[in-house]
Amino acid sequence: MNLISLPEISEISVENYSLFKEDFNYKFKSGLNLFIGANGLGKTTTTSLIIFGLIGFTSPLDKKFKIDTDYFASRATVDTDISPPSVEIIFSVKENKFSVKRNLITGDIIHLIFNGSDYDINEYDDLILLHTNISDKLDIAILLEFLLIREEEGNYLLWDFQQQSHILQILITDIKFRAKYQKAFNEFSSYAIENNHFTDTNLSKPRKKLRELEGLKEEALKSKKSSKSVQDLNKELKIKIGKKDKLISEKKEVIKTIEYLISTLKKHEGDEILISAEQSRISDKIGDYESVFFSGIYIDDRTKSIYHKLKHYSICMFCNSTLNKETTKNIINKVERNHKCPVCESGLKKEESRKVDVEQLAIEINELEKEFNALKKREEKILEITNKKRIEIQTSNLNLDRITFELNEISLDILEIETKLKNLTSPEDKLTDYDIEIRLIKKNILFFEKELKNRKVDEEKLKSRITKLNNDLTKQVNSNLAEINKIFTNLSKLYFNESCRLEVASKKIPGTSQVRDIKQAYYVPYFDEKMRTMEKHCSTSQRIFLEYLFRLSLLKFYSSKVKFPPFLVLETSEGAFDLSSTKQLGNSFVSFKNDPLKLILITNFSKPDFLKILAKGTKSKKSILNYLDFCRLNNGQLEDIKQYTQIITDVISTK
Amino acid sequence: MSFLPSNIEISNDVLYILNSSDKKNRSNISKLGLQKIIYLANSFAAVKDIILSTIRFVIEKRGPYSKEIQNSVDQLVAFGFVDIDFQSNSNKKYSLANYSITDAGRIVVKNLLLLNKEKEKSWWLDLTTRLSIIYSEQLELDEKSSNKGLNNIVKLVYQDLSFIDAKENGYFRSSIDLKNKDSLSFNLVSFTKRIVESNEKLKNKNEYFIAEHVVITLFEFLYSKYIDSKNAG
């Protein structure tokens with residue numbers, strides 16, 4: 001794995017800067033370098049001078065940086081008559097030596113010396129990027145501001161997971177990784193933002209507009225067909241249909257009644273027919289009997305006696321003459337054998353000679369008559385019933401006619417209402433002024449939805465790319481954990497807490513919804529069986545201590561991987577420390593006495609014992625920079641000058 | 001050997017009337033009287049729903065007349081059931097025929113009455129005959145009467161509503177419809193029947209008794225009308 005090359009600072013020279021009493025120059029030594037100064041003398045400005053010297057004003061690169069274009073001008077009066085105030089930094093990146101001098105007011109490079117030769121000042125940025133293998137000047141600024149140089153109230157890399165991740169991306173991954181990662185991330189987030197914008201402009205807004213238009217259309221339709229009348233018609237229709245149903249069931253009932261009446265009537269009519277048949281049979285019989293009866297009655301006995309006179313006494317029935325037997329016999333034969341009239345010789349009816357028993361016949365006729373009358377009475381009764389039934393049927397039929405008529409009427413009404421309703425809701429009535437616009441918008445939405453779908457596919461591609469890179473980063477962070485922890489726990493065991501170690505945590509990147517589900521890995525401290533994922537999980541001293549240990553560990557880990565160790569500037573904040581932890585802190589720094597890493601500590605006079613401990617870590621007097629030598633003191637400080645001098649003397653005397 | 005009349009029903013009616021008259025010792029019934037009694041019997045038949053054979057009466061010079069009746073009477077005479085007796089009138093311009101029943105006729109009637117139906121008819125014609133005789137005798141007492149005996153019944157027949165109606169609205173020899181239930185006679189009968197039947201005294205009496213009262217009332221009605229018309233001029 002190829003890592004970036006961090007610059008290693010060698011010397012700083014400040015000229016003509018009125019903040020300071022006189023120009024000053026310091027050559028950095030390997031191991032511990034101690035800068036001692038009272039408050040307000042320019043200690044913090046020194047850190048800014050280093051950053052500025054290396055890359056110029058940082059604020060234009062990113063607003064989160066504090067070194068803006070009048071940073072130095074605002075801290076001192078600038079005399080335009082003399083040479084401009086400047087800072088010159090001599091540093092090396094790998095084997096290459098840089099010397100860069102900048103105007104503190106304009107930020108311009110005054111001269112650039114690269115590997116012993118003067119260089120075009122405009123090539124500085126390219127040179128430094130080329131040799132450090134860092135892809136962006138901003139990244140250099142981030143490394144300087146957030147990792148290599150820490151002011152007294154500086155940032156906490158441990159708990160600012162985005163900063164830390166950024167630093168990790170630059171520092172502990174392959175040289176091209178940060179560039180790739182940044183590019184993929186930017187592409188993805190900008191594309192996602194673009195898509196959001198696209199959705200918003202082409203879809204959300206038109207959809208909102210469509211909803212509005214559809215609302216307007218509905219309103220228009222409502223007022224057009226006056227929904228009240230539709231409602232009324234529907235109500236009316238419902239009532240009519242209810243009535244119709246009632247009439248239909250009524251009709252069914254009436255038909256049922258009629259059918260029942262007809263069936264009973266038919267039965268009675270059948271009886272009627274039977275009776276009248278019987279009557280006519282009896283009547284015929286009576287007729288037959290009567291004709292026999294009457295013919296029996298209207299027989300004149302005298303005619304019999306006349307015939308008797310002839311037959312038995314041979315005396316003529318007309319003239320009373322006595323006839324011979326032969327003549328008599330002939331006449332009798334004519335009548336009895338040949339059934340012929342003795343006078344005109346016409347045929348006689350045979351039965352006429354039969355003796356009729358009129359009395360018996362009369363009895364039979366009377367009986368038949370009685371029977372006939374009884375039948376007549378029955379017939380009358382049945383007639384009465386059938387007439388009643390017929391009247392009932394007639395009434396029911398009239399009722400049926402009425403119901404049928406009403407049904408027809410109501411059916412016509414229903415048809416009319418339905419036609420009205422149909423007309424009210426016919427397609428022509430659904431047309432409004434908004435239709436064309438709605439159709440167009442719908443068409444556009446459809447088009448853009450399709451487009452968005454394609455865009456989403458691209459976005460997903462980008463997302464998978466950044467996800468893959470992020471996974472690589474996470475892998476890297478995880479695989480480096482053991483090594484970094486080895487350094488971290490060693491330092492921690494000796495000077496902070498036996499159980500302290502680093503753990504890998506991950507957090508979602510705040511921002512647009514599209515990047516929100518990408519989690520970035522970073523290191524968090526863990527001690528006393530608690531993961532300290534937030535600053536507030538630790539006390540101030542713990543926090544500061546852990547931050548120092550983390551930066552030191554990170555840089556030691558980095559140093560172990562490269563030939564050229566970098567530098568670290570810490571403006572100590574031991575004010576919050578109690579005695580024992582101050583000592584521990586001091587000792588932890590002292591352990592860097594022979595480290596290839598150049599550790600620059602900037603302190604004040606508040607804890608002389610701490611200074612004494614630190615002084616042990618310095619290799620010589622030359623490793624100590626005394627601000628009192630070149631800074632302007634205010635009145636209060638001038639009063640304490642003796643004390644300061646004494647402390648310095650004491651510190652130096654330990655050497 | 002048989003002598004069956006061509007119209008037995010009318011023959012029966014004739015025999016009943018003659019028999020009734022015979023019993024009343026009024027041995028003779030004139031040709032005219034016979035016609036008018038049968039006419040009245042038919043006209044009032046609705047009183048007891050008596051079903052008489054339909055006889056076609058036409059308006060003749062002397063009231064309603066039926067040829068069928070005369071034919072039947074002639075047959076009965078020929079067969080020996082009815083005797084005929086000619087009587088010359090007072091002017092001797094024409095003779096009047098009077099009829100009476102023979103023994104053979106009496107036997108026929110006796111046998112006919114074996115039938116209940118015939119009994120009723122006989123009762124009806126007997127009733128009409130008796131009342132006709134009574135009213136004829138009453139009418140004969142009329143000073144101006146040129147008729148003798150039953151011929152006077154014609155005065156009552158002239159008062160019959162159906163006859164009057166037919167006479168006024170019809171023509172000579174137009175027929176009188178006695179079976180028409182809408183006729184004035186029919187309505188009169190129904191009305192009279194209702195009035196008589198509503199009489200408390202006649203309650204629980206048998207139907208023949210009531211019917212006789214109705215017929216008497218009807219005769220009385222005709223008689224009253226006759227008196228009225230006579231008085232009117």
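In chain B, strand β2 (residues 57–60) is tied to β6(B) by two bridges, and the two run antiparallel. Strands here are DSSP runs of E with at least two residues, helices are runs of H or I with at least four, and both are numbered from the N terminus; two strands pair if DSSP finds at least two bridges between them. This is a predicted model, in which local features need pLDDT of at least 70 and side-chain atom pairs count only at pLDDT 80 or more, while totals for chains, interfaces and linings use all residues. Residues are numbered from 1 along each chain as its sequence is written, with chains lettered from A and ligands numbered from 1 in the order in which they are written.

Across from Phe57(B) sits Ile176(B) of β6(B).

Over in chain A, Ile51(A) belongs to helix α1 (residues 43–55). Ile51(A) is buried, as 23 other C-beta atoms lie within 10 Å; the cut-off for buried is 20 or more, with 12 or fewer counting as exposed and anything in between as partly exposed, using C-beta atoms placed from the backbone. Leaving out residues up to four places away in sequence, Ile51(A) touches Thr58(A), Ile67(A), Leu144(A), Glu145(A) and Ile149(A), where contact means backbone-placed C-beta atoms within 7 Å.

Helix α4 (residues 161–171) of chain A is mostly covered too, with nine of its eleven residues buried, among them Phe161(A), His166(A) and Leu171(A).

Definitions and conventions. Contact = placed C-beta atoms within 7 Å.
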